Amino acid sequence: MPQQTVPELVPASKGWTARLADWWGIDSGWERVPADPPRAYRNDLWLGAAFVVVALVGTELGRSIGFFEDEPAPTWLLYVLAAAGAAPLGWRRRFPLVVLSVVYLHFLVVGLTVPMVTVLAPLQVVYFVALFSAVAWARDRQAMTLVVGGALLAMFGWLAWQFAVGAGVEGIVEQMGLGGERPGLVSPVVAYTAYNWLVNVAYFYGAVVAGQLMWHAARRREQLAAQAETIERQTAELQRRAVVSERLRIARELHDVVAHHVSVIGIQAAAARRLLARDPDAAAVPLATIEGESREAVTQMRGLLGTLRGVDDGGAGEGGAGRRGAGEGGAGEAGAGRQGAGEGGAGEAGAGRQGAGEGGAGEAGAGRQGAGEGGAGGDAVPHRAPEPGLADIPALAGAAGGGRPGVGLDVGLDVEVRVVEDPDGAAAGVPGPVGLSLYRTVQEALSNVRKHSTARRASVVVRVDRRPAQPGSPDADRFRYGYAEVEVLDDGRPRPGSSGTGMGLLGIRERVATHGGAADVGPRVTGGYRVRVRLPLPEERP
């Protein structure tokens, strides 16, 4: 939509001219059209027909009270002239300037021949509506100024001609019974003339100003609608990009963990190969580890692929690139991990199970580091710390509070952490990807509390429950092997002027969707805010 042209700086003597031209919209390329043209034009036809009926009724009422006693024109002509003046309003929005020209030509011609017809109240309204519609709906603003200016010039010229003959005004004053009397400060002739001019100025310029204000209001509404549409489109694009970015980040993190599992599988396979020849029974232990690690790796890889495939069509390019990079990096690092596992296994050939365990830990760390490098797009990361999990949440809460792990008071935020396990030690068995997602959830929730809330206290509750869900409950299938959950509560209110973008909460929901969990995010009835995320746990390995 063309925007309103900003007037250039002009000399002071012409400043008002430029402002006036801008107010009239002379240089504006915007055209006002009805939102539903067929319906609007149809309604105008009904409006024109209604005005014709009202004009005919007004003519008969005027004839009945003696308006046309001294009029020699036949009665049928009075009806025809009244209807002819009102009918053009049926096209007032389709051809506004043509309607104005026709109606005011009718006013001039009929006013000179049968003047009492133009005095009828219905036709006075018709003339007002025609002028108002021309200013409010004219699409060519330069043509509008010419046509409206010509119509006003003709109207006031006709009015001046009517008053040019002083005998006409004096005759009207004598008919009013004033004669030479002066009831007020001004003579009756001057008062009558000034009064008529004042009424006509208010009548004609009132229609013009009202129409121009309507035109400005319509243009402003369309501009605001276009801006709102642009903002909505940009917001949707930002959200889409944020979702894509968060999904790729999740994919990189899962890629690291999956690569770790593959490395462990390689190490345990090397140990099992050596034990099969000497002690087949002892080989069952590394084989069981391989079985469990492979199942968990497959489950997490499915989640990773589901995350990447969830990118909508608008982010297919970026999502596809991310999936390709993750796939290539994962394959490369898996191969490297497996190769390293073989080498590590060979180096620890005489160590038996101890070599498989200790050497496996070393190779797993190497594989994980390599996976991080591949997932990051090839950037060299020589020393990468392990991904955080549930055990790191107390330290995270302490950093958010600004003090000791668990309780922080330095920045006015008291963060309390509680861990609830059933059975005891269940938190240690939470898979890495689940623990990482819960850690990120707490991180985002506490960040929001500090940035956007007036809260002085916050609590973080970590729950790990290995008990299966009650049969028949809505989440029985989802949490049949138990769940891991974090809940962050605060007692504050939204801080004025600190509303965020909502991208962090989008990331939380993406992580929940990746693991097939459940989220409850929103204000509490008793005050404050709640972020609760519950993720399902896999079947516990023996």
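Over residues 45-61 the chain is 100% helix and 0% strand, with the end C-alpha atoms 24 Å apart. Helices (H or I, at least four residues) and strands (E, at least two) are DSSP runs, numbered from the N terminus. This is a predicted model: local features need pLDDT of at least 70, side-chain atom pairs count only at pLDDT 80 or more, and totals for chains, interfaces and linings use all residues. Residues are numbered from 1 along each chain as its sequence is written, and side-chain values use heavy atoms, with hydrogens and water left out.

Me: At which residues does UniProt place the feature "transmembrane region"?
Reply: The entry is unreviewed. UniProt positions are given in the numbering used here, feature names are shortened, and annotations may be inferred rather than shown by experiment. The record lists residues 45-61, 73-91, 103-131, 143-161 and 194-215.

Me: How far apart are the end C-alpha atoms of residues 73-91?
Reply: This span is 63% helix and 0% strand. Its end C-alpha atoms lie 29 Å apart.

Me: What span should helix H3 have, at 1.5 Å a residue?
Reply: The expected span of a helix is 1.5 Å times one less than its number of residues. H3 (residues 75-86) has twelve residues, and its end C-alpha atoms are 17 Å apart.

Me: Which residues of H3 are buried?
Reply: Buried means under 20% relative accessible area, exposed over 50%, partly exposed in between (1.4 Å probe, protein chains only). What covers the buried residues of H3 includes H2, helix H4 (96-113), helix H5 (115-119) and H6. The buried residues are Leu78, Leu81, Ala82, Ala83, Gly85 and Ala86.

Me: At what angle do helix H2 and helix H6 pack?
Reply: Axes are lines fitted to C-alpha atoms, for helices over the stretch in contact, and angles run from 0 to 180 degrees between N-to-C directions. The axes of H2 (residues 37-64) and H6 (residues 121-137) are 9 Å apart. The angle is about 145°.

Me: Which residues make the contact of H2 and H6?
Reply: Contact means heavy atoms within 4.5 Å. H2 gives Phe51, Val54, Ala55 and Gly58. H6 gives Pro122, Val125, Val126 and Val129.

Me: In what order do the five strands form the sheet?
Reply: Two strands pair if DSSP finds at least two bridges between them. The sheet is open and the pairing is mixed. Its edge strands, S1 (414-422) and S4 (518-523), each pair on one side only. The order is S1-S2-S3-S5-S4.

Me: How many bridges join strand S3 to strand S5?
Reply: S3 covers residues 483-490 and S5 residues 529-536. The two run antiparallel, and Val486 stands opposite Val533 in S5. The number of bridges is eight.

Me: Which strands does helix H15 lie across?
Reply: H15 covers residues 503-515. The helix runs at about 20° to S5. The strands are S4 and S5.

Me: Is Glu510 buried or exposed?
Reply: Glu510 lies in helix H15. Leaving aside neighbours within four places in sequence, Glu510 is in contact with Val243, Glu246, Arg247 and Ile250. Its relative accessibility is 12%, so Glu510 counts as buried.

Me: What is the relative accessible area of Tyr529?
Reply: Tyr529 is found in strand S5. Its contacts beyond four places in sequence include Val488, Leu505 and Val521. Tyr529 is partly exposed, at 31%.
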